[in-house]
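Q: Please walk me through how to read the features of this model.

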Amino acid sequence: MREPVVERVLRLIRGMTEETFEGLALEVFAFQYQRSPPYRRFCDGRGITPDTITAWEQIPAVPTAAFKLVDLSCASPEQVFVTSGTSQGPEQRGKHGFPWLEVYHRSLLANFAAYILPDGARPRMLILAPCPDMLPTSSLSHMLEVVRQTYGGDGSAYYFGDAGLDLTGLIQSLREVEAHRLPVCLLGTSFAFMHVVDVCLEEDQRFTLPEGSRLMDTGGFKGRSREISRDELLRLYGEVLRIPESFCINEYGMTEMGSQFYDNVLRDTVLGCPPVRFKEVPPWVRTRVLDPATLEDLPEGEVGLLTHYDLANCGSVMAVETEDLGYKIGEGFEIVGRAPGAEARGCSLTVEEFQGRP
Amino acid sequence: MRIAAYHLPSHISQFETELLPFGDVTLEVPRVTPTLLADVMQHLETAGERLRKRKRREIVEILSAVFARLRDRTDPLRQTAEEALPAITGFSPAMVVHGLDLLCKGYVTDSFYELLQDAGVEEDLNGFVPRRSHLSRAYAPALTTHVLAGNIPGVGLPGLVAATLAGSASLVKTASGDPLSPALWAASLSRQDPEIGECVAVLWWRGGQADLEAVALEGADAVIAYGSEKTMRDLQGRVRSRFLGHGHRVSLGVIGREVLVGADEVAEQSAYDVSLFDQQGCLSPHCFYVEEGGAVSPKEFAELLGSAMAKWAERLPPGSLTRGEAAAIRKFRAAYEAQRIAQKDIALFLHPRGLDWTVIFDPDPTFTLSCLHRTVVVKPVPDLSEVGGPLRSWRPYLQAAGVAVAPERTRMLANALGQAGVNRICPIGKMQAPPLTWYQDGRFLLRDLLRWTDLEV
């Protein structure tokens, strides 16, 4: 038996107009305050209770760092996702429990369909990431498996094994779809796509993927051997795969959130609007760009910290303060990367210098 | 406001300039070329001979007068510094005034003589003097190159004063964080004694220009440099003469249980040491170890420290933060807040709205690097004799420890801290005002600059 407030969130995600973000946010907050003891401690520490606030912007946002240390779930989780490894070791991985996976799935599928499959296509999916059997706690693997099962056409498959990316298999499949003129949807991490592009350039392999083919990449290149700009990557997708820029969609998601964000360009192209690329915010989420000095909203275009209020997180904490930097644009935002550390101004040793030493 | 931020030998007047904007202040600096630099260095070497011929007593008098005039807030050069440095360094105007006063305070006649005495060059450096069974003569470098870093006015002054006292001409490469202060100091030296002013040149150029660096480093008999460990290693590899590097350092505070009967005052002094220069200095404490069992607990002390930080934030307002710096403080706070909700015994004492100051109580004894900008961590220790342990792995970086303990425990604590690698132990509240004769980084700058010749007879 799910809580009434969770049912209402589900109705909002399913597009029922009697529910709104504004109408639900404070109720979800009150629910979470009551059901998650660590979150209640967090709010009490800030002197905020459901009785003291009147607007969703006042809901205390938990820093992503807290997911590393404490279980924020409001009920026993059906599934726990764990963030991918960091140099700080396994104990420093963030964990996010979902007591009601249906909420996660509804949010995922509604959003994926709107931004990746706005034309109603059900293409064959070529997935450049480990399947859930390989990485059972990865939210990305789970997410890709759910969309494969729901929307994937015949022949949808993973191209990732124990030895890593299965390039031979991928190239073979790409030649096949090229010959049969069947549009595909490529899905994977930006890092995996970078690898594919590098190998193709090196071996002088070029593909002309059928019209309607699309690509969704996720994540950045932080700490990887090669970092390139988004524009350059889009150009390379065009050169190697012949997928037009408006069919290349970047996804921004995190284990700490039940909802994801996608570039709006494919959806806008299908709707016949001139595409201006940014991440759109679904109706059950609000994203604020905050000045780190004052925690007040920044005007459009100014870079600040991204804080998300995601009702799909109704089973843990809906307000999440990230370490990601971005700026507001249109009805959404664009991400520019992780907050850089502070450079030394004076003669004191800084964390950045100390961590960066050989 | 447009200000010339350089000092060149008087005969050099043909050079192109460029402008460095810092908000309302624009600095004019020469566009330095290898030819200009070589010309300047050749002139400095020649001018240095006149410096070495002067009596040390005269040099001491000149330097004393220079600093006396800079202490005077009606002095035009001092006024230029007060007006321009907030925009250049990012410190608040009140901080600049306070910092300049504090800085000039230590440079007085007696301390210059003490410096010379400690280096064994009380007499003039122009002959062999008896030492044990033989004679010795000290030689100063003909020319010392100073590579400065950071935004704290006066970081390079001990080196400049030491070189001048020793009789070495100086080429100063200023930092992008403060190209002005060294130029004003050189101008004030020239004003006091034009001949000695000819022995100092101050220039700025963008870092990483190998051709200029080669001239500046190879043409000097000694190089004094400030900056990151990476910069130090890089410079050291390219200097064939004497290299005296001052890498970035960290400092801390240590408070004994017996002084916590006067915890308010100790907190006030501790907060001053943190707040000064917005904690950017190598003498700025990152954390305070507070002994358990006193009149207030370490956690209560952290709260008092927060109140004292608030007072100092009013008296000496913090400077501006970049978005990156503000984000770093948020991240630092967030990590502790996460621990607090995980029911660790963490307490945060924060400026109610902004990021003016941050005090965190954390029972983990590990030494913690702060993200700076008035962010400090208070850690309990059961007994002060244990304070050296957590510091051991920080030995290469340790600078000063401000201490507040009963006199009879000072020696014990000093032994523990000295053993751990701390090179200056001083009362809390005095951390940012070291005497000129301090063995900075565990060495003695003036003596390190000198070269000795022994004559056995």
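A: Start with one pair. The side chains of R345(A) and E325(B) form a salt bridge, 2.6 Å from N to O. The term means a side-chain nitrogen of Lys or Arg within 4 Å of a carboxyl oxygen of Asp or Glu. The model is predicted: local features need pLDDT of at least 70, side-chain atom pairs count only at pLDDT 80 or more, and totals for chains, interfaces and linings use all residues. Residues are numbered from 1 along each chain as its sequence is written, chains are lettered from A and ligands numbered from 1 in the order in which they are written, and side-chain values use heavy atoms, without hydrogens and water.

Q: How many salt bridges are counted between chain A and chain B?

A: Five.

Q: How is the size of an interface given?

A: Often as the accessible area lost when the parts come together. Here chain A and chain B bury about 3300 Å², 60% of it on carbon and sulfur atoms. That area uses a 1.4 Å probe and is summed over both parts. In chain A, R345(A), C347(A) and L349(A) lose the most area to chain B, together 24% of what that side buries.

Q: Which residues of helix α3 of chain A are buried?

A: Buried means under 20% relative accessible area, exposed over 50%, partly exposed in between (1.4 Å probe, protein chains only). Helices are DSSP runs of H or I, at least four residues, numbered from the N terminus. In α3 (residues 37-45), P38(A), Y39(A), F42(A) and C43(A) are buried. They sit on the same side of α3(A), because their arc around the axis is only 135°. The arc is taken from the directions from the helix axis to the C-beta atoms.

Note on methods
Helices (H or I, at least four residues) and strands (E, at least two) are DSSP runs, numbered from the N terminus. Buried area is the accessible area (1.4 Å probe) that two parts lose on being put together, summed over both.
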